[in-house]
Amino acid sequence: MENRTESRTAGEAGEKTGTCVIIGAGELTVDRIPVRDGDLVIAADGGYAYSRRLGLEPDLILGDFDSLDEENRRQVEAIRKECPERVQVLPVMKDDTDMLAAMKEGLKRGFRHFDIYAAAQGKRLSHTIANIQCLNYLKERGASGRLIEAEETVFLIRNETVCFSSRQRGFLSLFSLGERAEGVTIRHMKYELDRAEVTNDFPVGVSNEFIGEPASITVEKGTLLVIAGEA
C-alpha cells in the first residue's frame, strides 16, 4: 500500500524514519510481529504478556497494568528496578487509554508511522472503537497508523490517495468517519466510484473486492475508515 500524499516527509528534523510498533491488550491474532532497525516497540499494559509470548523485548512498557497477571507484573517490576527508563506506570484513574498514552509517547519521540497489534477486543467493542478513534488522533497530528490483525488491517485516509499493488487480494470496505466524505474515487476494483459522496448513514462502501490490478482510493475532502482483509 502506498500513500501519495503524506503530509510530512520522513527524515525531517526531529522525526524518525522507523515505525512505532505498539502491542495492545486486545486479542492477539498474529504469530509474529516484524520489527526492523530503527523501530520503537511499546508494550501497552497487557501487551507485555504478548511480547513475551512472541519473544520480543519492548523498548518501553507502559500502562496501569490492570490487565496483567501476577507473574507478568513481577516481570515488569523487575525490569523497572533494573532499567527504570523502560517502564512507565500510569494511574488507573486517567483520561487517556493505555493505547492513546502509548501513541502520545511515540509521537513525542518523533515517530510518524504506527503499527498497532492486539487492538481489537471481540468481547469489548468499546475498546475497539476507542482504538479506531486513536487512529484519528494520529491523523490529526500528521501521523498515520494501522490496526493490524491476522486477517484485517484498519487505517484512515484523509484528503489523499492510497494505492494498492496488483498483488493485493481479498476485500476492502470503507466508511465515512465524519458526516460525509466528498470526492471519493475507487479505481480498478470490482465496484468503482467516481467522485462520489459517502455518508455515515449509508454503507455503500462495504465489501468491495480486489481484482488483481493496481487499485487506488481517493478522498478529496473528509476521512474514510478503511478495512482491508482476506477473502
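This is a predicted model: local features need pLDDT of at least 70, side-chain atom pairs count only at pLDDT 80 or more; totals for chains, interfaces and linings use all residues.
The largest share of the lining of the second largest pocket comes from α4, with 3 residues. Helices here are DSSP runs of H or I of at least four residues, and strands are E runs of at least two, numbered from the N terminus. Residues are numbered from 1 along each chain as its sequence is written, and side-chain values use heavy atoms, with hydrogens and water left out.

To stay with the pocket: about 430 Å³ of space lies in it. A pocket is an open set of points on a 1 Å grid over the protein atoms alone, where a 1.4 Å probe fits, with protein on both sides within 12 Å along at least five of seven lines; lining residues have an atom within 4 Å of a point. The volume is the space filled by probe spheres set on the points, which are joined across faces, edges and corners.

I turn to side-chain contacts. The whole structure holds 17 salt bridges, each a side-chain nitrogen of Lys or Arg within 4 Å of a carboxyl oxygen of Asp or Glu. In one of them, lysine 94 meets aspartate 64 at 2.7 Å, N to O. Lysine 94 lies in the loop between β5 (87-89) and α3, and aspartate 64 in the loop between β4 (60-63) and α2 (70-82), so the pair ties together parts 30 residues apart in sequence.
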